[in-house]
Amino acid sequence: MRIRTKLSLQVTLLLALAVSTITGKTAEKAAIASAHPIATQVGIEILNQGGNAFDAAVAVSAALAVVEPFSSGLGGGGFFLLHRAIDKFEVVVDARETAPSAATQDTYLGQDGKPDTRASLDGAKAAAVPGIPAGLDWIANKYGKLPLKDVLLPAMRLARAGFPVDSRYVAAATFREPMFKSHANTAAIFLDQGKVPATGFVVKQPQLAEVLETLATQGRSGFYDGEIAQRLVSAVNAQGGIWALGDLQDYRIVERSALSFKYRDSKVTCSTLPSSGCLVMAQALQMLQAFDMDIAPATQQSHLIVEALRRGYQDRVRYMGDPDFVDVPASKLASLEYAQQRGRSIDPLRATNSEALDAAVREGTNTTHFSIVDADGNRVAATLSVNLPFGAGVVAGDTGVLLNNEMNDFAISPGVANAYSLTGSTANAVAARKRPLSSMTPTFVEDENGILVIGTPGGSRIISMLLLAIVDFVHKQPRDVERIVGLPRFHHQYLPDRVEYEPGAFDKDWVDALKAMGHNVQEGKRRWGNMQAVYIDKRTGTVKAYNDPRGKVGVLF
């Protein structure tokens, strides 16, 4: 018989706090949108204690690592897009995972020389070296106002007290249940007596709380060096992984210049390589500038967007990878001239066959996003991930750290699709200390009327979701951010050559019109994405958070 754990007093209080609001002057000038109400409340708590948006970002990240273990965590990575109001400084904090030093292009080939995709998905061998702990320490110390130990305290308390699981957790745990059952320590944390828990079951993570406490008191060295690092390496390798202590000790945060480009009268700023999204969007949106999207019928708009995405994703395959390892023509790919050149091949009334473009491309919601603006105008858009739901499906020994399976984001062999049907070239091949290409794209969009701080999980679909949001932001009046985060979604990623749309999102006339243009149109099995946005209205000075309605109904793959 399964026994359902009762909510502790601390958890009950946390849930009550989750509906509270930001106090004082912060109420009108600050907002937080995250994928979980408890994480949002943790960020509000830090702002109310005098912290800035960067402190809140660290606190929200740590809280999400506890309450959304299927989406992010200390064993994962991500990108933080920061805007500092006082001097308008903008930067991308790249906390993406890196390949272990023992990784090679042959690591995920079987004895027969053929790609072994499962080895890059399940178990410790699929785990890249995590970047989130270093990212939290970096942001807190370089940009925050409060001590790291104070900012991480709510997550520590939450890990010890536990949190009640929701339908999204249950769906993700169901997906990963077979893997959990192969690893006793993982099952002990995330299952209820060996079975997927019912909603309301309280998951407690005291081992993770200890690691958070060490990180809080010792900073990055508390995770990447010393006892915890040794325990991590021993546990990973005992379970078939290929980590070395030096992989952790040598991990470094990289600060990268944000990429900005214009679409109509709006400035779009987003994370650049090894995040591929900004370059794909820059190319696709600038192609669309050649067409009058304001008067084009809805189905033709959809057709043009598909064709622009087709070409942008093709260049993702052909050119993109970790810029510290491969020479990517990023300036060319982001330029208006190049976009115009590529856009000339778009037939406004007929689909292009992807294979005819001469060249050969699912990250799910096992990723999370949050957006934060504080009372001083500092802002953060951050997208974090462990790749598949619950990452590699294993916890590193007694550390409580759930491992990612981001090695699957490399092209384990040229032309071989990963878990999200994305293929790649040698630019994204496995190599020691290299960062895998990502679709995570935290973004700012600004015009004379306002600023949108936005992002979403959704893997390869992240880019198309954000592009649809930006097109609506620029072209639709009156501006309605609630509409933007709930827009019906369709997607094309060059290969496989098909237009996929959310179930029930578009009517038969829309489908038939695209088919008549030559598109292969398929209805998806599930909705996707969990977009989180904050909008700063320059005219009124108000700031408001918006949550994707999809996030209330379960995990969306």
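The entries below cover a disulfide, a pocket, a sheet and some aromatic rings.

**Entry: before starting**
I note that this is a predicted model.

**Entry: disulfide**
I searched the whole structure for disulfides and found one. The partners are Cys270 and Cys278, with their sulfur atoms 1.8 Å apart. Which hand does the disulfide of Cys270 and Cys278 have? I looked up the torsion about the S-S bond, and at about 70° it makes this disulfide right-handed. Cys270 has 0% relative accessibility, so I put it down as buried. Cys278 is buried too, again because its relative accessibility is 0%.

**Entry: second largest pocket**
Next I turned to the second largest pocket, which holds about 310 Å³ of space. Its lining has 13 residues, and the closest to the pocket centre are Gln301, Ser302, Leu468, Lys476 and Phe490. Which helices each supply at least two residues of this lining? I found helix H14 (298-319) and helix H17 (461-475). H14 gives the most, with four residues. Sorting the lining by class, I counted nine nonpolar, two polar and two charged residues.

**Entry: three-stranded sheet**
I followed an open sheet of three strands in the order E13-E14-E15, and its pairing is mixed. Which strands stand at the edges? They are E13 (490-491) and E15 (521-523); each has a single partner strand, so one side of each is left without a neighbour in the sheet. I also looked at how E14 (residues 499-501) meets E15: the two pair in the parallel sense over three bridges. For Tyr501, I traced the bridge partner in E15 to Glu523.

**Entry: aromatic rings**
My count of aromatic pairs comes to 17. I picked out Phe180 and Phe190, a stacked pair at 5.9 Å centre to centre with 25° between the planes. Are they buried or exposed? Phe180 is buried, with a relative accessible area of 0%. Phe190, at 1%, is buried as well.

Notes: Residues numbered from 1 in each chain as written. Predicted model: local features only at pLDDT ≥ 70, side-chain atom pairs only at ≥ 80, totals over all residues. Heavy atoms only, no water. Disulfide = S-S within 2.5 Å. Buried < 20%, exposed > 50% of the residue type's maximum accessible area, 1.4 Å probe, protein only. 1 Å grid on protein atoms, 1.4 Å probe; cavity = no way out; pocket = protein on both sides within 12 Å on 5 of 7 lines; lining within 4 Å. Points joined across faces, edges and corners; volume = space filled by probe spheres on them. Nonpolar A, V, L, I, M, F, W, Y, C, P; charged D, E, K, R; others polar. Pairing = 2+ DSSP bridges. Phe/Tyr/Trp six-rings, centres within 6.5 Å; stacked < 30°, edge-to-face > 60°.
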